[in-house]
Amino acid sequence: MVARGPGDVGCAHCTLIGADRPCPVCTHLVCERCASDWTTCSEPSGRVIRLGLTARVRDVDPSGRLALVSHWRQPLRVFDLRQLRWVRDIRLPRGAYLWNRTRPPRLTSDGRFIHAVWGAGTGYERTDTLVFKGMRFDKLGSNNTELVPSAEVPDHGTAVSPTRDVFYYVTDTQRVALIDGGRAVSVEPLPRKVVHSVYFDAERELLACGGWKEIVLDHTVDGHLSRVTRIETRNTGDVHWLALAGGWLVAAIWVSGTSAIEIRELSDNLAIGPVRHRHVTTRLRAAALSRDGRYFAFGDYNGLVVHELATDRTTVFTEHSDEINFVSFSRDDHTLISADTDNRVVMRPRTEAGYAKPVIAIDVPSEGVDLPRFQPRAVP
């Protein structure tokens with residue numbers, strides 16, 4: 001028999017020795033790290049939180065941990081979705097969002113804040129004219145900053161890929177700029193046409209772009225494009241949102257005041273099949289496709305619609321009290337995050353039966369927490 005003292009118990013969540021406190025959800029003994037991270041618990045216990053007046057989630061990093069939150073007449077703040085607390089002493093310039101409403105700033109999973117930088121014109125230009133200087137990568141909680149100079153002025157479509165943290169956007173010349181590890185390249189997927197939407201799959205080096213009634217897929221090889229396929233959408237209009245993951249491609253086409261959503265299968269050789277599923281909504285402001293391609297979620301006037309594509313099972317969640325302006329899956333697909341314009345954020349864990357209905361309401365404390373130490377790890 002081996003004698004054990006206080007704390008010499010394996011954590012119920014991560015199995016490490018040192019469990020000395022009960023999990024607030026499943027009540028099993030866990031370690032300090034797991035006790036401060038509700039997503040380590042496998043019990044189906046989603047969270048509903050309120051962030052306070054005028055607070056709105058603008059972005060969540062690909063890992064699903066940190067949320068970028070704007071306030072009316074206040075600096076941008078960072079909220080830890082794992083510990084459910086404001087990150088202490090992080091105040092980001094409000095102008096980084098105000099000057100970039102159509103090209104919003106983004107967070108990376110290794111704790112960087114990316115935003116476009118503008119400055120006054122020089123020479124014969126008017127002094128009140130803003131000139132694009134480049135994209136700035138600021139390390140949260142430090143003075144470490146890097147400016148990536150670029151002549152490619154961002155227009156819309158800013159995003160960070162779920163893996164490798166590749167930042168990309170559509171330029172004002174209808175090219176697509178990709179910034180990977182400080183290296184910036186730009187490509188032209190739709191020559192002499194308008195690029196309405198873009199999505200970059202960093203794992204497969206696959207770039208998807210949507211224009212007027214068309215979608216193109218290209219492989220990116222050393223800063224150059226290699227065409228994979230092109231299709232015309234069934235509905236006529238601008239493809240204003242699209243995403244691909246696993247064996248699925250989802251596109252939303254703007255048609256006479258509505259978004260016609262077409263869901264198609266992708267074959268192993270990336271051939272795009274016919275439309276398998278459809279949705280129509282008049283209030284599509286946010287949507288997301290899980291990384292494994294199993295679930296598609298979008299905000300509708302009825303609530304958050306979650307569609308399991310393989311089984312064609314659809315669930316509508318109604319916890320939101322206003323228009324849904326943000327939807328995202330965490331990189332490991334464990335958590336589905338949605339936010340509305342009424343300060344509410346809802347986080348749903350993934351279970352064997354799908355994403356759980358949240359049952360726990362959280363009052364957000366006013367104090368902050370230390371910035372978590374980021375230890376990027378390889379994603380399988």
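What does the accessible surface of the chain come to, and what percentage of it belongs to carbon and sulfur atoms? The surface comes to about 18,200 Å², and 49% of that belongs to carbon and sulfur atoms; accessible areas come from the Shrake-Rupley method with a 1.4 Å probe, and for residues only the protein chains shown count as cover.

This is a predicted model, in which local features need pLDDT of at least 70, side-chain atom pairs count only at pLDDT 80 or more, and totals for chains, interfaces and linings use all residues. Residues are numbered from 1 along each chain as its sequence is written, and side-chain values use heavy atoms, with hydrogens and water left out.

The chain has 380 residues, and 52% of them are buried, meaning under 20% relative accessible area with a 1.4 Å probe, protein chains only. It holds two helices and 33 strands; these are DSSP runs numbered from the N terminus, helices being H or I with at least four residues and strands E with at least two.

Four bridges join strand 10 to strand 11, and Arg136 has Leu147 as its bridge partner.

Finally, a hairpin. Strand 18 (residues 214–221) pairs with strand 19 (residues 224–232) over eight bridges, with Thr220 partnered by Leu225. Two residues lie between these strands, and Asp222 takes a positive phi near 50 degrees.

Key: Two strands pair if DSSP finds at least two bridges between them. Buried means under 20% relative accessible area, exposed over 50%, partly exposed in between (1.4 Å probe, protein chains only).
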